[in-house]
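Welcome! Open the model in your viewer and follow along, one selection at a time.

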Amino acid sequence: MALKGFPKKIGLYDPRNEKDSCGVGFIADIKGRRSHQILLDAREMLDHMSHRGACGCEANTGDGAGFLTALPHEFLSRVAGEDLGKKLPPPGKFAAGNVFLPRDDGFRQQCKDKVAEIVQAQGQELIGWREVPTRTDDADIGPAARDSEPVIEQLFVGASADLEGDSFERQLYIIRKRSSHQLRTLEHDEAKDFYICSLSTKVIIYKGQLMSEQVVPYFPDLEDPDYTSHLAMVHSRFSTNTFPSWDRAQPNRFMSHNGEINTLRGNMNWMAAREGVAESELFGDELEKCFPICEPDCSDSGTFDNVLEFLLMAGRTLPEAIMMMIPEAWQNHESMYKSKRDFYEYHSALMEPWDGPASIAFTDGHYIGAVLDRNGLRPSRYYVTHDDKVIMASEVGVLHVQPENVKLKGRLQPGRMFLVDFEQGKIIDDNELKRDLSVRRPYGDWLESQALDLQNLPAAAAPEHLEGADLLSRMQAFGYTVETLSFMLAPLVTEKRDPVGSMGNDSALACLSDQPRMIYDYFKQLFAQVTNPAIDSIREEMVMSLECYIGPEGNILDTTERQAARLRVPHPILTNEELAALKSIDHRGWKARTIDITYPLADGKDGLSSTLERVSREAEDAIDSGDSLVILSDRATGPDRIPVSSLLACGAVHHHLVKQAKRTRIGIILETAEGREVHHHCLLIGYGADAINPYLAFEALRKCREDDIFSDDYTDEKIVEGYRKGVAKGMLKVMAKMGISTLQSYKGAQIFEAVGIRDEVIDRCFDGTASRIQGVGFDVLAAEALRRHAVGFPASDSIQPAVLDNPGEYHWRSGGERHMWNPESIAEIQVAARENSIDAYARFSKLVNDSDRSRCTLRGLLEFDLDAAAGPIPVEEVEPASEIVKRFCTGAMSFGSISAEAHETLAIAMNRLGGKSNTGEGGEDPKRFIPMANGDSRRSAIKQVASGRFGVTIWYLTNADELQIKISQGAKPGEGGELPGRKVDENIARIRYSTPGVGLISPPPHHDI
């Protein structure tokens, strides 16, 4: 079956999750000399990257591969004469590009007619269409790729008499954008088959849903000796958990990508919002023809290319645009010279980084180069030869080079740019390039004169502290519990870090709970996968930052002093004093408007939706009135007023403004009694908040001191400072799990999935978030808000509880939240183990299975469809149990987390069965490698490698049947296991080659493997 573009969202598949993880490289003549040899060498490179790409269930259907070269003028002039009978204008006065077209004859002609109409409307000349020769059989293209194979034709466009150079390129850009917007959105089965690979005076792209070794056999043009180029970029695609297609093959129009853009959803939303303030002298009134900047149905690489192309067409240079989108880690780089720091800081006020592990090769014909993200988690190597060739690729060995011809070799450095300038005929040193770019304008002076610093704003009086019954009522109305204080808030102050649980959370999912749950509990933070390693937020602190500029953005297409007029906020958690200063701001034209996000109790459940509409409308009115900040506040909560969840309000306002293309014209700040935990703050920032004042959390922590939970030396200032440090550390850790380095990138990026939230809520407040399982809607959320409010502000004939509730969400409690592990199930498994009791185990399994089925997990709600299996399988066709158990493996429990006796007993048992036990990440005592006298073995067949220093030796590795390299763990994804110092005795320290009494935390293993 032919695949036309992305499949529709169905089941667990969502087309918004399209990502690439591939092989990329280029070869070029540094002096800009054209030859056919460049193509021959590029073919060899691409063939050697076949392992980097992927194929489907058919060995000859690839995920995509292709070439980008300079426009081959001599070749095109010849074939245009032979095939079209046309004489092409001189180089620079004509453009060519390969276009994928539908196979339906009538619709294909409709597409070509529309392109011709647009070319004419833009004042250019359509010279003609040439059929691109292809050899489907000779290239052995697989069935799936054949089924979706488009018709490929070459489009030639001539420039009007008054146009050349970049001005002509801009008209070509508009032609392509208008054609794509009008044709790919038509209601036709083959609409997505229309795709312009490129249309340029400088470069051309040959690509498709091919394997690396199929590209040249498929496109005989590439074998023609007249086809010459001074550069060739190649790409072999591995589409991560996604569908391949002809148009998603790379190279894209200006770049190729190996990696993933983790912040894609936020980047796209921000770019959509920027369309509302974008202006360009170069485009003039035609700028709107380029919108939307980010085209639908693109992978993360394609979307990045859309934005890069937009910046280039609007007048930025290629190196400058790349530095804007993938900046170095400048915030904590103490040795970076001032002008470069100023450059990055100034541009951070214009655009957030496109964050994630990435190696990007780029070219516009004038330059070719490559850059790594700030973490450098993608390999990229280069050679320079004595005959002035440069070879860059995802790995070494892609092209055979005589050793005596190698002039120098190297690798890309994190954040550094490798660049070849063909006009100068040399490689531009990273330091030289960035020093030149950074001194072209007085960025530092602009920042000094225009940027506002939060700490420099005039002080204002903060609200009085909440005391006694008023404080208790608000805490109850906002769902505070005894566990909130003891488990979640107090450790942030006393330990300066986010509290960590040992083995995850076994309480019921929010959507399955009988208890009223906060909306935050319905969201799960995503985490980095194997192709996308997590960051170690402790050891890689230098590349991470919470500092952001907030408030109205300038025009992203302009570079003026006014662009720096934004508010620098070093920490997303605001003190009461900082919020008061912002509320009363009247400085350089900055004004703030406070919007009440509460509604009358009398409105009942209907008040929630109407209030979200009112708040969104008021935020838009604030923009139209020239306000710089809106503060969404629930301080008006009281006996007669119910608060809207800050998360719902923030998400609704953010997405409303994005859709109106106004989001970048204002900052959103929350004055919230609801947000208090690290997870809450991450969600609020992830759905668009610029800063948060968790005033009730501060008041609750002050109450902890009064209740002697803290000692008296914890002053108000020390409490707030400790809380902010703990939250900062926790937020960096959460960002790091997804491989994101900066809060600026994390903001609005929606790195979450919802479990059990209805689409009506998602569409209004969390648009673009996956919610694969429907559940609560606005009616349930409103009802639960009313229930919480009634606890804190009961009706006159009700009695208010004198203390906070203890629902047992983290620790089991009779009558509280349900847990998968409870006293009954634990007692039965202990009896079964101690007495070898089959009956006790049967009772245990029934308790656990019934609990799963009715209480805690989604898997417990699933049943086997026995009829679908066509009845029972004859017993003689079933493997005996003695064979089945050979595929059994134990859980990866480390020695240290369980005793040596338990660990070794499991190993002996699995070895007797023929199964496999797992060492966990704690190493293994070499004595266990020696067989026991009775023939048993205590050796674990599966060895884990979580960090090179945790007992990993050559002997350890060679005594393994299977190796597991841990990157993200189920209980604490991306974080690594933790063994407290009190458990690290001399024996454990000996086996792990560490020091007794010192706690052990395993970082992501890319640091030492």
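**Stop one: a cavity and its lining**

Start by selecting α23, the element that gives the most to the lining of the largest cavity, with five residues. Helices (H or I, at least four residues) and strands (E, at least two) are DSSP runs, numbered from the N terminus. A cavity is a set of points on a 1 Å grid over the protein atoms alone where a 1.4 Å probe fits but cannot get out, and lining residues have an atom within 4 Å of a point.

This is a predicted model, in which local features need pLDDT of at least 70, side-chain atom pairs count only at pLDDT 80 or more, and totals for chains, interfaces and linings use all residues. Residues are numbered from 1 along each chain as its sequence is written, and side-chain values use heavy atoms, leaving out hydrogens and water.

Of its 18 lining residues, P643, S645, E674, A785 and R788 lie nearest the centre.

Now show the five strands of an open sheet, ordered β11-β12-β13-β17-β18 with antiparallel pairing (two strands pair if DSSP finds at least two bridges between them). At the edges, β11 (255–259) and β18 (426–428) each pair on one side only.

Zoom in on β13 (residues 367–372) and β17 (residues 417–421), joined by five bridges. Here V371 stands opposite M417 in β17.

Finally, select helix α8 (residues 300–313), which packs on the sheet and touches β11 and β12 (358–363); contact means heavy atoms within 4.5 Å.

Technical notes
Axes are lines fitted to C-alpha atoms, for helices over the stretch in contact, and angles run from 0 to 180 degrees between N-to-C directions. On a 1 Å grid over the protein atoms alone, a cavity is a set of points where a 1.4 Å probe fits but cannot get out, and a pocket is an open set with protein on both sides within 12 Å along at least five of seven lines; lining residues have an atom within 4 Å of a point.
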